[in-house]
Amino acid sequence: MQIASIQAYALKIPPEGADSGAGNDQIEAYGDYTIAADAWTSIYSRNHETCLVRLETDDGLVGWGEGQAPVAPRATAAIVEELCAPLVLGRDPFDVEYIWYRLYSAMRERGHVTGFYVDALAAVDLALYDLLGKALNKPVYKLLGGKFRPDVQVYAGMGGTQPDAAVAHANALLAAGFRALKLHLRMPNSQILAVVEAVRQAAGSDVELMVDVHGTRDVSSAIELGRGLEALGVRWLEAPCQPEDIRGQAEIARALAMQVATGEWLRTVWEWRDWIALRGFDVAMPDIARTGLSEGKRIAALCDSFNLPVSPHVGGGGILSVAATIHYSFAIPNFQIMEHSHEAHARKGTIAHSYPIPQDGRFAAPEQPGLGVEIDEAKVALYAG
């Protein structure tokens, strides 16, 4: 069996309902993208954007993968088609880890050791595992070493810049069966604490709460915020300071009794190694549609050797990203909890006939071969840019 074709698709799935940035003078908009005008923050798209990869073997077997590309997915798609394809075509798909390493080595001396290039490798890697699972008639977690737990708990992401709005959002998620919530908050510390206190009072002490501030604090204000969150029983503070500041984040982690979680931008063991050596976090958050499953397993093993838990990031990843992360979460010993975007899940699944759906805040072990997503190729063609 050999890989006979490889195709990449840059997807843009439009939002349902009104654009959340419309009429907000604190948001700068250009084309499909928006960015906050007054804070350090990332570019966001009004659409759900990502890059899919389709592999087909010479005997007609098809595997699908995804490289998370919440903006500019055409960049990732171009890398797949122009740089990855020549090194993948004609290969035995069972050489999956060799293929990842060969692709990585092809550009490492040019400085392409992260970013869009490694995202493209992740897309190829996930497609290979989907292909192998189908070839062997096994779910992917069986290929990764087997099942460590009966199911995978998730936390639901939520917003709400005012206490009343946040409580309403939290209550809706609790009613949907989730028992762990993550609040995305970027306001001043006092406002964040007011929102979290309101949610804690509404949710009760049995619901786990996490807070993600998206790198918007300096060291001292992150520690101040963390101590306030500790008093409210919050499980972790995520991405407290800018991702370039390893030592600052390590200082925050040492100062707080609560967990500090981070790492969605770290794609390889070489990047993770420095963060681990400095003890820059308490919870690792690799994103499998950025690391791939091959590298994701190495990252989990490295973390496990330092007694560090893993809580996989999903964020803006699409339905294949979600599915791959479920398999990964079953197959590592040091899993803690997985991210889930409840309101976006159905839109991400628009391109599939079937896909995993959580029940009562947990994903069951997939039984279908491969990643367990049946892609609707007509929908992929419809949304491909």
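The model is predicted, so local features need pLDDT of at least 70 and side-chain atom pairs count only at pLDDT 80 or more, while totals for chains, interfaces and linings use all residues. Residues are numbered from 1 along each chain as its sequence is written, and side-chain values use heavy atoms, with hydrogens and water left out.

Let's begin with the core. A nonpolar core here is a set of buried Ala, Val, Leu, Ile, Met, Phe, Trp, Tyr and Cys residues joined through side-chain atoms within 4.5 Å. Buried means under 20% relative accessible area, exposed means over 50%, and partly exposed lies in between (1.4 Å probe, protein chains only). The largest nonpolar core has 115 residues, and those with the most contacts inside it are Leu-181, Val-196, Val-211, Met-338 and Ile-351. Helix 3 (residues 116-136) gives the largest share of this core, eleven residues. There is also a second, separate core of eight residues, with Ala-180, Met-210, Trp-236 and Ile-337 among them.

Now zoom in on Met-338. Leaving out residues up to four places away in sequence, Met-338 touches a list that includes Val-152, Tyr-155, Pro-312, Ile-326, Ser-329 and Phe-363; contact means heavy atoms within 4.5 Å. Pick Ser-329 from that list: it sits in helix 11 (residues 319-331). Is Ser-329 buried or exposed? Its relative accessibility is 0%, so Ser-329 counts as buried.

Next come the helix pairs. Helices (H or I, at least four residues) and strands (E, at least two) are DSSP runs, numbered from the N terminus. Axes are lines fitted to C-alpha atoms, for helices over the stretch in contact, and angles run from 0 to 180 degrees between N-to-C directions. Angles under 35 degrees count as roughly parallel, over 145 as roughly antiparallel, 65 to 115 as roughly perpendicular, and the rest as oblique.

Back to helix 3: it packs against helix 10 (residues 288-305) at an angle of about 50°, with the axes 7 Å apart. That angle makes helix 3 oblique to helix 10. Their crossing is left-handed, a label used if the near helix is turned anticlockwise from the far one by less than a right angle; clockwise would be right-handed. The residues of this contact divide into seven nonpolar, three polar and three charged. For these classes, Ala, Val, Leu, Ile, Met, Phe, Trp, Tyr, Cys and Pro count as nonpolar, Asp, Glu, Lys and Arg as charged, and the others, Gly among them, as polar.

Helix 5 (residues 163-175) and helix 6 (residues 189-203) have axes that come within 9 Å and cross at roughly 40°. They are therefore oblique to each other, and helix 5 passes helix 6 in a right-handed crossing. How many charged residues does the contact of helix 5 with helix 6 have? It has no charged residues, with eleven nonpolar and one polar.

For helix 7 (residues 219-231) and helix 8 (residues 246-255), the axes come within 10 Å and cross at roughly 25°. These two helices are therefore roughly parallel to each other. On the helix 7 side, Val-219, Ala-222, Ile-223 and Arg-227 make the contact, and on the helix 8 side Gly-248, Glu-251, Ile-252 and Ala-255 do.

Last stop: Ile-27, in strand 2 (residues 27-30). Ile-27 is partly exposed, with a relative accessible area of 28%.
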